[in-house]
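Student: Please take a close look at a single part of this model, a sheet and its strands. Then go on from there to the packing of side chains.

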Amino acid sequence: MLKMSKLILMAALTWFLFACSNSDKPLGAIVSVDESYEGMLVLEASGKTVLLGVNGVNVPSRETPEMAVRLDYSFSMGIHEVTCGEFAALMGSHEACENSEYPVTGVTYFDAVLFANAKSKSEGKDTVYTYSKVSYEGSGRCVNLEGLVFHPEVDGFRLPTEAEWVLAASIGWNPANGWNSTNSGHHLHKVCSAQDVGEKTAESIDKYTVFCDMAGNAMEWVNDWQGQFRDTTVTNYVGAPDGGAREERVVKGGSFRNDPSTMKLYSRGDVYTVTSSTMAEYVGFRIAYGSIPNAVWMSSNGAASGSRFVTLATSAQVKSMTGSFHTKLAFRNDLTGNLAFIDYASGLPSVVEVADTMEVYHPEISPDGNRVAFCTKLEGVSGKSALYVRNLKADGSGLVKLDVESAAIPRWRITETGDTAIVYVTDAGNNKDMASFKSASTWQVTFENGKFGTPTKLYDGAFHGGISSDNQLAVTGARLLRARVGNSDTLWYNGEQACNVSLSRDSSNRTVFLDFGGATGRSFVGNDYGVHEALLVVDSTGKLVRAVPAPTGYSFDHTEWLVGDMSPVSGYQGEGGLVVATLANANGVHGKIVLVDIADSSITDLVEGDELWHPSFWTMDVSKRIDAGSVNVDSAGVYFGDGGGQAAIILRYKLDLLWNYKDEAKVVILGSSRSMNGLNPLEMDENLFTINLSNVPNSMFVSDYLLQNYVIPHVKNIKYLVLSLDIDMWWKKENNNDDNFFYSEYRQYPGYVYDENHSFWKDGVPKDLPYLTSVSPGMDYYYNNFIPTRGVNANNMECGGWATATVDRDSNWVKDDGMLFENNLQRLERMVETAANRNIVVVGIIFPMSPGYASTGSFGRYGIRRSEAPGLIKKIKAISDRFPNFILMDENKMGAHDYDDAMAENNDHLCLVGASQMTSRLNELLKKLD
């Protein structure tokens with residue numbers, strides 16, 4: 001902690017630029033000592049504008065275009081990153097800390113959130129973050145906070161927003177004077193020990209109030225999800241509303257590993273994808289304090305909003321209730337009238353909104369989960385309504401309209417003949433008057449291959465609450481609970497007012513509905529309650545059998561039984577069953593969607609927002625799609641789940657490729673992101689059918705694990721094994737939790753443990769395992785990147801050229817500990833020997849890196865002194881003396897290669913153009929061998 005005597009109000013920083021401000025004051029003049037909280041400075045930011053992102057070419061898409069953010073409030077921020085000592089005082093000791101005055105690093109975003117909350121509590125303040133459950137990994141780091149919600153309106157401690165961080169960092173930004181790769185010795189230093197604000201001297205340091213280590217020492221978490229920027233001005237911007245397809249967070253400032261030339265104010269990521277559970281030895285955080293009035297989020301489509309959706313339930317929670325990872329929730333955003341949905345099979349669920357000008361009421365997900373039907377008029381309101389079906393995708397594609405005069409309240413069903421159909425009514429108005437009710441009618445229309453069939457009339461009367469599978473029961477409610485039993489119409493619930501009626505999808509033919517605190521309901525429940533404050537269930541005869549009270553302070557609305565994918569649609573027998581509903585608060589705001597378990601009256605929050613209407617919840621019954629008892633559907637193929645990061649999701653899809661192509665593959669590629677980006681299976685000859693199983697973060701030990709347990713036992717026709725030999729990364733150790741996915745994370749996911757407990761299926765792969773892997777949790781973004789391409793990174797398209805040849809690790813690591821290299825070399829020899837026993841040729845590739853490394857003392861990005869590298873490469877090549885099945889393919893040639901700027905993504909990765917050249921050379925080599 002800096003001495004308070006050194007924190008004197010800054011008089012002026014006359015040398016400072018004015019570009020980021022729209023006031024007459026230089027930015028330095030807006031900073032003062034926070035008299036309430038030691039170690040923090042107040043930024044009087046009201047009226048200030050900062051620029052996020054940059055306009056230009058060869059800039060990652062996440063950092064362009066330039067966007068202006070105007071702030072109309074003041075806040076406080078820590079002078080320096082949170083230190084190990086400060087972290088230990090509130091959270092306990094941290095194993096990675098070497099010095100109490102160093103920044104605490106190796107912490108996840110969730111760890112930083114927990115620290116901020118603890119800091120708020122220690123000061124008697126409300127917490128800015130709320131959550132329902134905490135998950136830790138073996139070293140004690142928090143890897144997930146279920147139901148995490150950021151409350152910008154709360155006056156407490158938190159992480160700074162990206163805009164706040166940039167405003168503070170703009171004051172004296174000078175990366176060359178911070179701890180960086182040129183002066184740090186590749187390790188952390190005490191906070192505020194670098195001359196990182198102008199030309200500080202012992203005399204001047206007492207004269208100015210300054211933020212320390214904004215550039216260098218430790219990279220820093222900020223609060224924001226990493227959304228896209230837009231060429232506009234946003235007031236009080238706080239990032240994207242959720243993590244979207246990639247679940248990425250923003251990190252800022254660079255670290256002791258980075259060259260000062262690469263540290264930019266606009267930079268907002270690391271080389272690898274950064275998610276909330278990422279842990280890195282060079283990433284820490286600093287804290288901010290203060291509420292953010294009228295906070296604005298901006299979605300991926302560029303729509304700025306003062307509200308957002310927050311998912312409150314994880315995929316695992318939903319599966320524990322429904323029995324399936326494959327579940328979806330669709331609903332109406334009543335603020336916009338748009339369709340919104342959540343796909344819980346993503347493992348990291350987020351809300352997707354289909355933005356258009358069409359009003360969406362009463363959406364219902366199709367039996368296969370791929371489409372959604374909706375209408376343009378809501379229950380209880382008479383008038384003409386249109387009925388549409390569209391794909392349940394972000395682009396809302398496949399929109400088709402039913403060509404009838406009026407159709408409302410669509411409900412999917414599987415008919416007795418196996419057809420998929422939609423039941424609808426011609427008018428969904430008030431059904432209290434019998435004549436008006438009978439003037440409307442109920443119809444059915446088949447839907448196949450994206451087209452409607454010919455509608456057929458079922459009944460007189462608008463029975464929009466559902467029809468039983470045998471057509472013997474139909475219900476409705478928009479004032480009264482009416483039923484059609486056989487061919488007779490009847491009135492249930494003693495003729496008292498009822499609405500939100502839904503017939504169950506199982507053989508019990510129960511009906512769920514809401515009432516208005518009537519006498520019949522009060523008598524059954526045994527006490528008084530208000531409008532919609534009890535969810536009621538009647539059996540197939542109209543007799544009340546269950547009542548579930550709403551949570552205190554809320555009432556139910558928009559109740560619906562779950563829909564499923566089987567015929568008859570799978571549901572829950574006896575007294576059980578799940579109902580999806582909205583919760584409205586005392587002001588009538590429908591702020592939550594919940595799942596209600598009828599059996600035990602438990603309620604699980606799914607999503608929170610401002611006005612969420614008309615939920616439909618779909619689930620797939622996976623157990624009915626496989627041989628009963630063949631494998632455990634809760635474990636088999638489940639290689640990813642809640643809290644997982646990029647490493648887990650990539651490897652989940654690589655195993656998907658393995659199980660589905662194990663009988664076809666002749667060539668298997670293992671290695672790091674260099675081979676994942678640099679070798680394209682689709683450009684190999686057909687008779688050299690290739691799958692790319694490279695993953696991140698990789699090591700020789702991870703590749704060996706995959707080879708011994710998955711590739712050798714199951715890829716029966718493999719002839720060639722291709723390995724990326726990233727010798728600058730051979731400082732990695734077996735069981736190194738910082739860098740080895742298998743030994744730090746994989747046991748979180750039941751699929752790996754299940755495989756290991758069954759000897760990795762070496763006696764035979766269950767026939768359902770490929771299917772279960774394909775339907776286990778995943779994310780569309782990564783699916784589209786890796787599955788169609790058989791493993792090359794399809795997103796690796798930005799050919800930005802060879803970036804600055806930065807050295808991110810001390811090049812002396814071989815000299816300091818020679819066994820690191822030798823251990824990796826031994827593991828390579830083991831892999832080559834294993835392959836030799838199967839007559840498999842191994843091609844080891846040293847991938848090209850920036851030619852700029854020839855002007856440094858380092859072989860590559862992570863070191864090895866250039867003077868040592870030729871001798872070490874010679875040791876690798878010598879493996880072929882013992883094992884003739886080994887071929888070394890050195891495409892780097894100590895930087896003297898022919899991969900030009902047009903072929904590179906950054907300083908050590910090829911883009912798809914470079915991958916074509918690399919793949920062509922590998923293909924020609926294997927053709928000659930073949």
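**The sheet around β19**

Tutor: β19 and β43 run antiparallel and are joined by 6 bridges. Two strands pair when DSSP finds at least two bridges between them. Strands are DSSP runs of E, at least two residues long, and helices are runs of H or I, at least four, both numbered from the N terminus. This is a predicted model, in which local features need pLDDT of at least 70 and side-chain atom pairs count only at pLDDT 80 or more, while totals for chains, interfaces and linings use all residues. Residues are numbered from 1 along each chain as its sequence is written, and side-chain values use heavy atoms, with hydrogens and water left out.

Across from A330 stands S616, in β43. β19 also pairs with β20 (residues 338–343), antiparallel, over 6 bridges. There R332 has L339 in β20 as its bridge partner. The hairpin of β19 and β20 has 4 residues between the strands, and G337 takes a positive phi near 80°.

Now the whole sheet. It is open and has 5 strands, in the order β21-β20-β19-β43-β39, with mixed pairing. The edges are β21 (351–354) and β39 (563–564); each has a single partner strand, so one side of each lacks a neighbour in the sheet. β39 runs parallel to β43 (residues 612–619), joined by 2 bridges. Here G564 has T619 in β43 as its bridge partner.

Next, the packing. The largest nonpolar core has 96 residues, and Y710, W730 and L828 touch the most other members. Helix α7 (residues 646–661) gives the most to this core, 9 residues. Such a core joins buried Ala, Val, Leu, Ile, Met, Phe, Trp, Tyr and Cys through side-chain atoms within 4.5 Å. Another core lies apart from it, with 74 residues, among them L52, C84, Y129 and F150.

Stay with Y710. Its relative accessible area is 1%, so Y710 is buried. Beyond its neighbours within four places in sequence, Y710 is in contact (heavy atoms within 4.5 Å) with Y639, L655, L658, W659, Y705, V715, Y752, D755 and F760.

Then the rings. Rings of Phe, Tyr and Trp (its six-membered ring) pair if their centres lie within 6.5 Å; planes under 30 degrees apart are stacked, over 60 edge-to-face, the rest tilted. The count comes to 30 aromatic pairs. Y37 and Y289 are one of them: ring centres 4.9 Å apart, planes at 45°, so the pair is tilted. This pair links distant parts of the chain, 252 residues apart: Y37 is in the loop between β1 (31–33) and β2 (40–43), and Y289 is in strand β15 (residues 288–289). Both Y37 and Y289 are buried.

Y710 and F760 make an edge-to-face pair, 5.4 Å centre to centre with 80° between the planes. Again distant parts of the chain are linked: Y710 lies in helix α9 (residues 700–714), and F760, 50 residues apart from it, lies in the loop between α11 (750–757) and α12 (769–775). F760 has 8% relative accessibility, so F760 counts as buried. Ring pairs draw W659, Y705, Y710 and F760 into a cluster.

Terms used: Buried < 20%, exposed > 50% of the residue type's maximum accessible area, 1.4 Å probe, protein only.
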